[in-house]
Amino acid sequence: MWRMASGKAPDDARTRHPYGRDPDAIERPVYSATIRPHCSLSRLGFRVVMVFCGGVALVTGIAFLQMGMWPVTGFFGLDIAALWLALTLNARRGRSFEEVVISQIEVLVARVSHRGERAEWRFNPLWTRLHKVEDDEYGLMSLAFVSRGQRVLVARDASPTERQVVADGLTRALAEVKKGY
């Protein structure tokens, strides 16, 4: 038996549904997941890589400068700038995520980009199925919700093994939601 914040048990006549069901269960999520892309470097790792590569470029650039090959030093600088740009863009992309929530009344897929732009798709769980594309060698390549002609990819940035774990959870949740009907 659950208790209210006051520590007293609630009156069963007021909180209990006439058919014995929990009235809040319909909105409570059966499955909820936040899927984030794999980030290869932390902030500390980014600094270590940049300092190490910058140091190597500086030392070899000075060596080439002393040999009279001064244009090589400029190209080392361009390489470090390109590396910094690539790692910075990768870190920004790591801020994007997907939320998947399955409740008794809806399937919600929300995708938030690295810029903070949010896109949402809502489906009726009874009309929604999970479409999987599998490869014998690589595993689960694609995972999507399909409902009434609309298709939304899920776990796009996950690896095939991580996508399989998500697919198993989504399959169980959809089966549990459909079981009551």
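In this predicted model, leucine 85 is found in helix 3, which spans residues 70-93. Leucine 85 is partly exposed, its relative accessible area being 46%, a value that falls in the range between the limits of 20% for buried and 50% for exposed residues. Together with Trp84 and Leu89, Leu85 forms a nonpolar patch on the surface, and the accessible area of these three residues together is about 310 Å².

Two packed helices are described by the angle between their axes and the distance between the axes. The axes of helix 2, residues 43-66, and helix 3 come within 8 Å and cross at roughly 170 degrees. Because angles over 145 degrees count as roughly antiparallel, helix 2 and helix 3 are roughly antiparallel to each other. On the side of helix 2, the residues making the contact include Phe46, Val49, Met50, Cys53, Gly54 and Ala57, while helix 3 contributes, among others, Trp70, Val72, Phe76, Ile80 and Leu83.

Another part of the model is strand 5, residues 129-135, in which valine 133 lies. Valine 133 is partly exposed, with a relative accessible area of 35%. When residues up to four places away in sequence are not counted, valine 133 touches Gly139, Leu140, Met141 and Ser142. Alanine 144 is eleven residues from valine 133 in sequence, and the two are 8.9 Å apart in space from C-alpha to C-alpha.

Definitions and conventions
Residues numbered from 1 in each chain as written. Predicted model: local features only at pLDDT ≥ 70, side-chain atom pairs only at ≥ 80, totals over all residues. Heavy atoms only, no water. Patch = residues over 30% accessible without salt bridge, like charges linked within 9 Å, V, L, I, M, F, W, Y side chains within 5 Å. Areas by Shrake-Rupley, 256 points an atom, 1.4 Å probe, with all protein chains shown as cover. Salt bridge = Lys/Arg side-chain N within 4 Å of Asp/Glu carboxyl O. Helix = DSSP H or I, 4+ residues; strand = E, 2+ residues; numbered from the N terminus. Buried < 20%, exposed > 50% of the residue type's maximum accessible area, 1.4 Å probe, protein only. Axes fitted to C-alpha atoms, helices over the stretch in contact; angles between N-to-C directions. Parallel < 35°, antiparallel > 145°, perpendicular 65-115°, else oblique. Contact = heavy atoms within 4.5 Å.
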